[in-house]
Amino acid sequence: MHNSDALALSAALLAVAGDLTQRINDGVVARGFTDVRPAHGFAFARLAPGGATVTDLAAHLGVTKQAASQLVDEIVRKGYAERRPHPGDARARLVVLTERGWACTRAAEQAAAEVVGGWAELLGESEVRVLRDHLARIAPQGPIRPAW
């Protein structure tokens with residue numbers, strides 16, 4: 001692949017990722033969650049499986065513990081998460097989604113499904129499955145981080 005082709009592919013992937021992030025956020029806002037931004041969604045993705053410590057969340061987001069702590073303070077204040085005693089470490093606190101946080105997460109899933117549904121209308125469902133499979137083969141393992 002020539003450098004210009006690689007650059008064009010890189011630009012297209014970045015544009016799609018940015019558009020997807022924005023459209024999911026727009027869908028979440030349209031569903032009534034007007035006080036969230038994309039960074040919250042990246043945090044919710046880490047908290048959803050069973051909670052996380054601030055240290056875990058900082059590593060997931062690629063930020064300092066102080067920045068992660070400020071984000072947690074914000075989502076707790078807005079009612080999307082709560083702090084609980086950590087079941088395995090008396091010194092740590094576990095941050096978990098509240099019902100409001102789960103509802104926002106479901107809204108993001110619905111918005112994502114709408115976006116991908118549009119791709120299926122444009123490309124066909126089989127092509128979207130092929131795209132998903134190809135991207136899964138080359139996507140790095142680990143957290144999906146926001147582009148700060």
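A contact here means heavy atoms within 4.5 Å.

**View 1. Overall fold of the chain, a predicted model.** Among contacts between residues at least 6 apart in sequence, 52% join residues at least 24 apart. The chain holds six helices and two strands. Read from the N terminus, the order of elements is α-α-α-α-β-β-α-α. The C-alpha trace spans about 55 × 35 × 25 Å along its principal axes.

**View 2. Surface and interior of the chain.** The accessible surface comes to about 9500 Å². Carbon and sulfur atoms account for 58% of that surface. The chain has 148 residues, and 28% of them count as buried.

**View 3. A nonpolar patch on the surface.** Eight names make up this view: Met-1, Leu-9, Leu-13, Leu-122, Leu-123, Leu-131, Leu-135 and Ile-138. Together they have about 830 Å² of accessible area. Three helices each supply at least two residues of the patch: H1 (3-30), H5 (99-123) and H6 (125-138). H6 gives the most, with three residues.

**View 4. Leu-122, a member of the nonpolar patch.** Leu-122 sits in helix H5. Its relative accessible area is 71%. The cut-off for exposed is over 50%, so Leu-122 counts as exposed.

**View 5. His-60 and the residues it touches.** His-60 belongs to helix H3, which covers residues 54-61. Its relative accessible area is 11%. Buried means under 20%, so His-60 counts as buried. Leaving aside residues up to four places away in sequence, His-60 touches Phe-42, Arg-46, Pro-143, Ile-144 and Arg-145. With Phe-42 there is also a pairing of polar atoms: a polar atom of the His-60 side chain lies 3.2 Å from the backbone oxygen of Phe-42.

**View 6. Pro-143, in the segment after H6.** Pro-143 is one of the residues that His-60 touches. Is Pro-143 buried, partly exposed or exposed? Its relative accessibility is 41%. That value falls between the 20% and 50% cut-offs, so Pro-143 counts as partly exposed.

Methods
Residues numbered from 1 in each chain as written. Predicted model: local features only at pLDDT ≥ 70, side-chain atom pairs only at ≥ 80, totals over all residues. Heavy atoms only, no water. Patch = residues over 30% accessible without salt bridge, like charges linked within 9 Å, V, L, I, M, F, W, Y side chains within 5 Å. Areas by Shrake-Rupley, 256 points an atom, 1.4 Å probe, with all protein chains shown as cover. Salt bridge = Lys/Arg side-chain N within 4 Å of Asp/Glu carboxyl O. Helix = DSSP H or I, 4+ residues; strand = E, 2+ residues; numbered from the N terminus. Buried < 20%, exposed > 50% of the residue type's maximum accessible area, 1.4 Å probe, protein only. Polar contact = N/O pair within 3.5 Å; in protein donor to acceptor, adjacent residues only side chain to side chain.
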